Amino acid sequence: MRLLTVRPRSGDPWAPYVPDEEMPWNLRRVVHLHRRAGFAATWEELQRDLKDGPEASINRLLEGKSRSCGIPADFAAFADRLADRALAAPDSSRLKAWWVYRMLFGPDPLTERLTLMWHGHFATSNGKVNNVALMRRQNETLRSLCRAPFGSLLRAMLRDPALLIWLDAPDNIRGQPNENLARELMELFTLGSGPYSEDDVKQAARALTGWRFVGDEVRLIPSRHDQGTTTILGRTAAFDSDGLAALLLDHPATSRRLAWRLCHEFFGEGAVDERAVEALAGGLRAHDLDIGWGIATMLRSRLFFDVANLGRRIASPIDYVVGTVRALEMFDPAPSTPVLAEWCRGLGQDLFYPPNVGGWPGGRSWITTRSAIGRTNFAAAVVDGSHVGLGTSFDPIELAAHHGQGRNPSFFAQLLLGADGPEVPLDALGPSRQALVRLLSSPDAQRI
Amino acid sequence: MITRRCFLARGLRDSTLIALAPTLPGFLARTAHAAGPEQDGRILVVVQLDGINTVVPFRDEGYAKYRKTLRLPEKRLIPVNGEVSLHPAMRDAGKLLESGRLAIVPGVGYPNPSRSHFRSMAIWQSARLDERDHTGLGWVGRGFDEGPPTRDGSPAALLIGPDDPPSAIRGRRSVSAALDRLDDYALIDKEAESRPIGSSSAGDDLGQFLRRSLLDAFTTADRLKALGDARGDAAYPEFELARRLKLTARLIKAGMGTRVYYLEQGGYDTHGTQLPHHAPLLEELSRSLRAFLDDLAAARLADRVLVLVFSEFGRRVAENGSKGTDHGTAGPVLLAGPRVRPGLHGAYPSLTDLVDDDLKVTVDFRRVYATVLKNWLGLASTEALGGAFDPLPLLHG
């Protein structure tokens, strides 16, 4: 076994990455960037970024310009039509397909990834909300504010109909408080467990009383709102929803929880230490909890490209399914997006139906007996085509030849893993398909 | 004839998996010692009914008085003791009782009972009486919130059936799921079984975890396939509940780490013409249960399994004008398995000493839950049940 020695770091743990002999800009790191920050990349995109270097590559991702192929000309209009049809039905499986379509074909994979991250942070399930229109609305809000200062997102969520239904806010009335929203607001959305007491939860619930549905809109009904003075986290005032949000946003624990959330999303097991999280939290505080700043800082950092971060994450079902289709350029004809969403559900990530308010726990919990078998089956299905709604099987030789790699048995390992093996021989179609299935279902292909 | 053990051993020998086993101590230990499931870890199977009318207090003078058209002839009843009997359709439950595998707790309910299906089921599933506490989480899910995760990453609780997991098994942190067919555990690519998994160059902890998990998964798939192929599998009757219990038994035999299986049997809401509708349901229940427990006994797994059968309420004591019964309050809870203390636990509530025409509740349902959480699954029960409830002496040490 190879032992990794982590260099003792002094100075800024978020110092930018500049390629050097120890950490060269190579295919492995290009693949890493796209699998972590987007949903994998095509061969052409990888080669382009390999040539252009990290700065240009990272900027393109941040600006939503990382994809050079596979984006339909009418993407935005078509995506909207898909969502509209999901609402008209109404049909949650079409809404899932809409989101998968956005991840697969949209120009801005980083934004979709961040939307997914916030879906896990403010985890709301249509299982209880039972309203496709409100779930879409929440999703659009998460998307539009995914890189904003966190305060904007938090305040929007505290008025988001789906979230409020999910956490029983309409039942939270002056004199009959329901603590569900107050508790999750503190424990999951802002502070994290620890810095508050049970009494703080009770008092926060009072501050959040009075929100009620008028049609599909949420309004504060003064007669249902507790306007009394409360003491929360040692501060006494007549708190309302925004006042409580301001108090929580100001608390240093919130910046730490956000730093944890971002690191949890973009780093592998053990790839960041306490000091780095603390430094990122400090930076967020200095930048008005600006998530965009945090993302850019992380993606540009040396820490992000450190060996200790390469391949140290378990690919989520979305990473695995969308990333595979994307890297193999299965754009035209493309697999059925409702079927892809269904595969993700079977593998443990049912979009719009997180398992509970804590979101998907992620990491090693993605791998269960059922999902491990499911991933192997997906590998076979996507190459065969028939179980993902395609009439034809995937042709590995054709894709390799298209990129002038027809004689390179390492082509698929390079494309998918940024590594030189395992090899996929490209001499005969049958064996090359089998080898590709084997590669896709290998342990290495489950990590990003 | 090829036994399951031979089949599996041969399958493994033929595959290249075995060649990689030396790098995988956990896998090696498991397969070396048993080509079958692990023997530890107690399992609870919950069968949820919607309304029940099952245990007959035939000696109670109120029985003849209130059940004019629905009264069951005494000579066909299946005796439990001198006072109480089981419905004639429950012959197999009678056999379970005879063999010491059935316990009956009569009069189970909660204070100020609700006769609404929705509310009452929410109370039973959440173990919370106040409607404001019905937040979609349940007693099993909350119980696992405080327990360790499962050994193999399987969901702690699994609904067996076509629906979504019910709130009873949903937790704030613990994982629940639903499963209706075994297809999810079958490898569609025939070559997958014999595929080398160890091509990973990464020898780090995460790489080892992935290799071990994939091997474990393939081994489970292998076992389930072998179980499915095996002839002479225990005979189950042709009922939907039996199908689900058979599927549950397969998962248990394959060594899945899931600790609670939740099943539902509907149709008990017999507001009208109860006699011809009720008997087949009880027959389905009791025959399916017995087949399940016999199947597990043959596989030497029965000692690890306890079945809890409940419904959200009993029926009104007096029958209605449609030869049926309306929603009532207290009802019996059944516990089945070789580790129960068999027989009737406590007196059946009197049919002549009623509250608003309904039976008096004599046992709080949360005491039954406390019994299975603490004494069977070894979980803390206070948080799960929203208070401290004493377990009942329903199980052997």
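Let me begin with confidence. Chain A has a mean pLDDT of 94. In chain A, 98% of the residues reach 70 or more. One stretch is another matter. Over residues 1–6 of chain A, the pLDDT is below 50. That stretch has five contacts in the model beyond near neighbours in sequence. Where pLDDT is low, predicted coordinates should not be read in detail.

Now the overall build of chain A. We have 23 helices and four strands. The C-alpha trace spans about 75 × 55 × 40 Å along its principal axes. How does the radius of gyration of chain A stand against a compact globule? A compact globule of 448 residues would come in near 22 Å, and chain A has 23 Å, so the two agree. Of those 448 residues, 52% count as buried. Look at the contacts, too. Take pairs in chain A at least 6 apart in sequence: 69% of those contacts join residues at least 24 apart.

Next, the domains. Chain A is divided into domain 1, residues 109–293, and domain 2, residues 313–446. Their centres, taken over C-alpha atoms, are separated by 35 Å. What do the two domains share in contacts? Eleven residues of domain 1 of chain A are in contact with nine residues of domain 2 of chain A. On the domain 1 side, the elements giving two or more residues are α6 (109–121), α7 and α11 (180–189) of chain A. The largest share comes from α6(A), with three residues. By type, that side of domain 1 has four nonpolar residues, six polar and one charged.

On to the contact between chains. Here 38 residues of chain A are in contact with 37 residues of chain B. Which elements of chain A give two or more residues to that side? They are α7 (126–129), α20 (369–384) and α23 (429–440) of chain A. The most comes from α20(A), with nine residues. The chain A side divides into eleven nonpolar residues, 16 polar and eleven charged. Note α7 of chain A. This helix is listed on the side that touches chain B, and also on the side of domain 1 that touches domain 2.

One residue in chain A, before we leave it. His225(A) sits in the loop between β2 (217–220) and β3 (230–232) of chain A. Buried or exposed? His225(A) counts as buried, because it has 20 C-beta neighbours inside 10 Å. Setting aside neighbours within four places in sequence, His225(A) is in contact with Arg174(A), Thr209(A), Gly210(A) and Leu220(A). Leu116(A) is 109 residues from His225(A) in sequence and 33 Å from it in space, C-alpha to C-alpha.

Now chain B, and its strands. Start with β9, residues 305–311 of chain B. Seven of its seven residues are buried, so this strand is largely enclosed by the rest of the structure. In a regular strand the side chains alternate between the two faces of the sheet. Here is how that looks in β9(B). Val305(B), Val307(B), Val309(B) and Ser311(B) point one way. Leu306(B), Leu308(B) and Phe310(B) point the other way.

What does β9(B) pair with? Strand β1, residues 43–49 of chain B, pairs with β9(B) in the parallel sense over seven bridges. In that pairing, Gln48(B) stands opposite Phe310(B). Strand β10, residues 331–336 of chain B, pairs with β9(B) in the antiparallel sense over three bridges. There, Leu308(B) has Leu335(B) as its bridge partner.

Chain B also has an open sheet of three strands, in the order β2-β4-β3, with antiparallel pairing. The edge strands are β2 (55–56) and β3 (78–79) of chain B, each pairing on one side only. Between β3(B) and β4, residues 85–86 of chain B, there are two bridges. Pro79(B) has Ser85(B) in β4(B) as its bridge partner.

Last stop, Ala370(B). This residue is found in helix α11, residues 365–376 of chain B. Ala370(B) is buried, with 23 other C-beta atoms within 10 Å. Which residues does Ala370(B) contact, leaving aside neighbours within four places in sequence? They are Ser381(B), Leu385(B), Phe389(B), Asp390(B) and Pro391(B). Take Phe389(B). Ala370(B) and Phe389(B) are 19 residues apart in sequence and 6.1 Å apart in space, C-alpha to C-alpha.

Notes: Residues numbered from 1 in each chain as written. Chains lettered and ligands numbered in written order. Predicted model: local features only at pLDDT ≥ 70, side-chain atom pairs only at ≥ 80, totals over all residues. Rg over C-alpha atoms; globule rule 2.2 N^0.38 Å. Buried ≥ 20, exposed ≤ 12 C-beta atoms within 10 Å, placed from the backbone. Contact = placed C-beta atoms within 7 Å. Nonpolar A, V, L, I, M, F, W, Y, C, P; charged D, E, K, R; others polar. Domains from an automatic or database assignment. pLDDT = per-residue confidence, 0-100. Pairing = 2+ DSSP bridges.
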